[in-house]
Every structure is written in C-alpha cells, then in structure tokens.
Amino acid sequence: MTGEMIALPDIQPNLLKYTRNTQPAPPPPSKNLVFGHTFTDHMLTIPWSTISGWKVPQIEPYGPLHLMPSSTALHYAQTIFEGMKAYRDDTGKVTLFRPEMNMKRMNDSATRVALPNFDGSALLELIKELIRIDKHWIPKEPGHSLYVRPTLIGTQKAIGIGPPNEALLFVICSPVGPYYPNGFKPIALYGTTEYIRAAPGGTGAFKLGANYAPGVMPQKVAAQKGYAQNLWLHGPEHDLTEVGTMNMFVVFKKDGGYELVTPPLDGMILPGITRDSVLSLAREHVSGQTKLAELSDKLIVTERRVTMGEVKAASENGTLAELFGAGTAAVISPVDRIGYLGQDIHIPTEQDGMGPVSRPIWRELVGRQMGKIPSSWSVPVTE
C-alpha cells in the first residue's frame, strides 16, 4: 500500500458494445415531424460509479431506462443535459456544429451539481458512432437536422442530498425540421417582472434540468396574456437577461451604424453556443477577418447590461433597430413586441421578419451549419 490515489477509468470508446435494434422503425415523413417527439432506433448509455468509474459504453435499442424509485435524479434534480445538432449537406456528408463547446459546457454543468466529469473528446467519439449508425434518420430536406440530446443523471439508490455514488450518461437523437418552416415569424414577448429565471450566484449559467421546470408556469402566464415567450428581467432596473430558453440580443442604431448588445456572462446567463457564434461572426466582420454580405461596416459589438428603460426609450426615439433570441433550436428568433408594465413596446422588423444585423449573421451561421459555407466549426461525422 503506497497511499497513492488511483485514478478511476474515464470513458473508453474502444470498449463500446453495440446491440442492433432488431425491430427498427421507419423514419416518418419529414413534414410530420414535431420537435422532440420522434426518436431514432438506438441510444448510447454509459454508467458510472465511485467504485468503477466510467463503465462499458453501449449503443443499444432506444427504450426505457431502469431506475430505482430512490434514484437521486428523481428527488433532487441531479440532471444535466445538452442540445446539439447533426447536419447532412448536399453530398450526404454529416457534421456536428462546434460540439466541443457542448462537451465543455456539459462538464461545467456536471461540476455545478456534483455529477462526475468525463473526457469530452471520448464522449464525442461515441456520439459520432451513434449518429453514424442512425444517420438515415437525418432528413434530406433543407433546414432539417438530427437533434442530439446528451444527458447525465444521478442514479444513487438512496434518498439523501450529496454527490451520488452512481450516475448514468445517455444520449438520444431526434430528427427535426426547421423551427420556422414557412419563413420567419417574429414573436411577442412578455416582459416578466413577477418571476426570475436566475440570480447572482445561482445556476443560470449551467444547463441543468432544474432550471427549466420553474419556467413552465410563467410561460403559461405569458401565453394567457397573448405572448409567445417570457422575456426574463432581473433587478430593480429590469435588466434583460434571456428570452424563453434562448440568449438575447438587442441592436441599437448608433453613429450611422449599429451596436449589437447582449448581456455579459455574469453567472446568470447560459453560455450558449449560438450566442458565442453570433458574437464571433460579428467580431470577425468588424475586424475584417470574415466580411458578411449586407452587414454594415459600422458595427459595434458589446457585452453589457441593457435595461427595459433603455429599450423603451430607444423604441420611442427611433434608435431601436431590432431584438432577437439565439439558440440551438431556432438559431435566430426575431421579436416584434414586448409587453411591459401594461403596455406594448414595438420592435422594428423588416419584410422577411428579420433585421439588418440578424439577417446576414443568420445567413452565414446557417450556411456553416448546413455545410454550404466551409468552416472549422463543422466537425465531420461521416465523409
């Protein structure tokens, strides 16, 4: 006995076991797809324990998980997840979009709720294999993709708050269509002052299951008032934070050009991959590294606080150019009005529903995702 700590095994792709689904289902017509309702034939599962570390990964038929009623995920919400997409280009090549960022964020989320960390590159190799097996589920129609949902839950078979001694990482996949199949439709937001999504020192910056259920009831309240989503406000000056489950951007007219503003990553804001992509493309345009067609050269990119008072004043004096959400599902979601303290603040939108900054950024971003624009952000799954 030397007293040295022995490292537990990490995820090992070379140990993968594959059990083929002997009753595969035919993929449904793409026109019938509803987001998150249809799943592919297989899933990836990797158990973990404090004794054995990460165990043998398995790709097996999609089906029920075996959980004891005392599993910690069911009682204390020790659940984290990610959302990513696989795309098929015109040649049939399949890619993932910036998946290393999902792996990093998932590990950060795991740390926040005392779930086990893992080798992100190893998990990514297994996710790629799962996608390769079920690649025929990726719709061929433009704007369609395969939504990939990695999830990690605590499965300790005992009631008690603490780091679990067992966990399960699993990945499921769902074919999805475009968020706006008939063109962009700007949405109306309810400036929510009665509830908050996150607070300083809390968990807003992490993708935890526990962050989402509390938003369902406020979403129902917004819908009853005639709005599509909540605009989450915080603090006495009603700082804008997020839109529904998306990051939020505001564009102001400034000095003959535009200022693109989004709240900083202050611990309340989720570090979205689409958020980072929007900021990166805008900054590359400003620096001249990658010029985006139809985007003004007079562009300032800012991560700072923005309050409802500033947005309201800009709407009234004509310096508000646009406001939009950004996330994996919708990519860009334009907004045309905000209900705030009993009145509607109107947000400019152009004929196609978008605006002068979101449109060229969306075009470049979707082009990279779908493989029409070559980019290092697209990671090959198949050639």
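## Basis of the report

A residue is called buried when its relative accessible area is under 20%, exposed when this is over 50%, and partly exposed in between (1.4 Å probe, protein chains only). The model is predicted, with local features requiring pLDDT of at least 70 and side-chain atom pairs counting only at pLDDT 80 or more, while totals for chains, interfaces and linings use all residues. Residues are numbered from 1 along each chain as its sequence is written, and side-chain values use heavy atoms, with hydrogens and water left out.

## Val113

Val113 has a relative accessibility of 16% and is therefore buried. Val113 is placed in the loop joining α2 (99–112) and α3 (120–133); helices are DSSP runs (H or I, at least four residues), numbered from the N terminus.

Beyond its neighbours within four places in sequence, Val113 contacts Gln78, Ile80 and Leu208, contact meaning heavy atoms within 4.5 Å. Thr203 is 90 residues away along the chain, with 9.2 Å between its C-alpha atom and that of Val113.

## Arg359 and helix α7

Arg359 belongs to helix α7 (residues 358–369). Its relative accessible area is 14%, so Arg359 is buried. Residues up to four places away in sequence excluded, Arg359 touches Glu294, Glu350, Asp352 and Met354.

## Packing of α5 and α7

Helix α5 (residues 273–287) packs with α7 at about 115°, the axes lying 10 Å apart. Axes are lines fitted to C-alpha atoms over the stretch in contact, and angles run from 0 to 180 degrees between N-to-C directions.

On the α5 side, the contact involves Thr274, Ser277, Val278, Leu281, Ala282 and Glu284; α7 contributes Ile361, Glu364, Leu365 and Arg368.

Technical notes. Helices (H or I, at least four residues) and strands (E, at least two) are DSSP runs, numbered from the N terminus.
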